[in-house]
Amino acid sequence: MDTKGEGEHVGEHVGERKARPYGDLYTAAELMVAAAAREIKDGDVVFVGMRLPLLGFQLAKHTHAPNAVGVYELGIVRDAAAPEPIFTMGDLPNLHRATWLADTGDVMGLLQQGLVDVSFIGGAQVDRFGNLNTSYIGGPDKIETRLPGSGGACDLAGLARRHIIIMAHEKRRFVPKVDYITSPGYGDGAGWRERVGLPRGGPSTVITTFAILRFDPETREMMLSSTHPGVAVEDVMSNTGWPLKVAASVTETPAPTEDELSILRRFDPQGFWTGV
Amino acid sequence: MAPDSKLMTLAEAVSRFVPDGSSVVAGTALESFIPFAAGREIIRQRKRDLTLIGPISDILFDQLIGAGCVRRVRAAWVGNVITGSGYNFRRAVEDGALEIEDHSNLTLALALRAAAMGVPFMPARTALGSDLFKTNANLKTMICPFTGDTLTAVAAIAPDVAIVHVQRADEYGNAHAWGNLGVTREACLASRHIIITAEEIVAHDVITSDPNRVITPGFRVSAVAHASWGAHPSPVPGYYNRDHQAFLDYQESSQTPEAFAQWQARWVDGARSDKDYLALLGEKRVAGLRLKHHAPAEAVDYGY
């Protein structure tokens, strides 16, 4: 996710939900990373964020998207996965044999020019139009919790051709309207991004601990697209803070394959990001 | 004629160029090269009322806030990159003890770039539609005079001092850094003073053998201090890896003011020199962070 929006480590939330919902087969976080990797198309220029997306990019590079290019906000561009597990984008294996080491302004320039196909962002609070809050729970005038802030998330949400949100699915996080827009989604609906002057983009997908959600192309409202194995539509509804729209045919999110799991575990050997 | 040497101890550099009330940009390469040794020195000297400027800073800003050095923060993100929240920061904001100016990484980069270019603002396409405008009076929307597009105008930020950690520098302030540079170059050019902390102090000829690697002209630099392992626990390319355990431990060490006071007593006030600090880390831990695989670049020819 990007860049660091999330207030806390995602793995912890996944663990809180229910211990090992998928038995010994895989964890919810592994399923989420596999789903994130599948959102990357071969040849995409990917602005890779913090945490799970670091792994999602590694996985995509080793499976269906060998030609994807990774861009990192601290000034790294690379066309091969890092040779060893990394915890942050600045870990030295992520610099090894990079194709470009540069300035933040340079890679943000690529983003502003519209050359980044997809980016990943984590959120603490999201609303029905995909706006994200990673700054102030309660809003800036009545602060209940101060979260870390935007990092690059606001830039990615505004300027990538599409962005993907990864977060824990809890009612307190899925609210009708966020208390503060750190990273813009579709604002109050269709036409909003154009009105405020954003040149392109918007959230395409929300990957949660329960489900995958997409956005209605007409209204720009979030819509349930698939539920993870073992999760009922009602589970998703009861953990969402507004009457969630449901796609005409809700499918089941494909489980991670054995091949995907073995690659994931190679890059997260201790389960730091994807353990329960 | 050789210029004057700017080499001094880190204590002297901080004492002279980081007075109470100054604005300090640091952590400019994001996750790497974070000048933690300088941060600890600022805490030891009990500096007060600082304004901290930076993109993400990892836990550096949280430490300075916890130690009571900070009045204002102008940043995109403050926390602990691998665990999430920075608890000193969170407490201080929730208690109303800090003045906050919220940025994104791009607006912060452009604010420094504007100062580096000597102009009052830079235009951008980011932040439009966000609430950053509500908590940052130095962002305004504007209409482009050429295209009519709505843009974000990002006001210049000119810090009093930039503190930058690098691999090597000469005594005149010419410094080599290689790796991801973040907003380092803008930050140096935007600031009135620059303090360089370096893993190694090298001869001037070493620096001029590879001028593309110099981050800012030496004449802009005010102080050069030798700081071996000066970015630990963040990584320095060519020198050492990131010490993830230190960041994990810090999560607990900052969870309460009492725990943070203990952390400060042990790691800051209890380790007054590089040597004390390394001794506290222990040989085994230090050895574990050293590079396991070296990968030197091909040499380049600057001949004529």
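What covers the buried residues of H4(B)? The cover includes strand S9 (145-146) of chain A, together with helix H3 (60-66), strand S4 (79-80), strand S5 (84-85), strand S6 (99-102) and helix H9 (257-267) of chain B. This is a predicted model, in which local features need pLDDT of at least 70 and side-chain atom pairs count only at pLDDT 80 or more, while totals for chains, interfaces and linings use all residues. Residues are numbered from 1 along each chain as its sequence is written, and chains are lettered from A and ligands numbered from 1 in the order in which they are written.

**Helix H4 of chain B**

- Seven of the eight residues of helix H4 (residues 87-94) of chain B are buried, so this helix is largely enclosed by the rest of the structure.
- A buried residue has 20 or more other C-beta atoms within 10 Å of its own, an exposed one 12 or fewer, and a partly exposed one falls in between; C-beta atoms are placed from the backbone.
- The buried residues of H4(B) are Tyr87(B), Asn88(B), Phe89(B), Arg90(B), Arg91(B), Ala92(B) and Val93(B).

**Chain A overall**

- Chain A has eight helices and 14 strands. Helices (H or I, at least four residues) and strands (E, at least two) are DSSP runs, numbered from the N terminus.
- Of the 276 residues of chain A, 59% count as buried.

**Chain B overall**

- Chain B comes to 11 helices and 13 strands.
- Its radius of gyration is 19 Å, close to the 19 Å that the globule rule gives for 304 residues, so chain B is as compact as a globular protein of that length.
- The C-alpha atoms of chain B fill a box of roughly 60 × 55 × 35 Å, taken along the principal axes.
- Of the 304 residues of chain B, 53% count as buried.

**Where the chains meet**

- The contact takes 50 residues from chain A and 51 residues from chain B. Two residues are in contact if their C-beta atoms, placed from the backbone, lie within 7 Å.
- On the side of chain A that touches chain B, helix H4 (104-113), helix H5 (153-159) and helix H6 (192-196) of chain A each supply at least two residues.
- That side of chain A divides into 22 nonpolar, 19 polar and nine charged residues. Ala, Val, Leu, Ile, Met, Phe, Trp, Tyr, Cys and Pro count as nonpolar, Asp, Glu, Lys and Arg as charged, and the others, Gly among them, as polar.

**Helix packing**

- In chain B, helix H1 (residues 10-17) and helix H2 (residues 36-44) pack at an angle of about 65°, with their axes 10 Å apart.
- Leu10(B), Ala11(B) and Val14(B) of H1(B) meet Ala37(B), Ala38(B), Glu41(B) and Ile42(B) of H2(B).
- By class, this contact has six nonpolar, no polar and one charged residues.
- Axes are lines fitted to C-alpha atoms, for helices over the stretch in contact, and angles run from 0 to 180 degrees between N-to-C directions.

Definitions and conventions:
Rg over C-alpha atoms; globule rule 2.2 N^0.38 Å.
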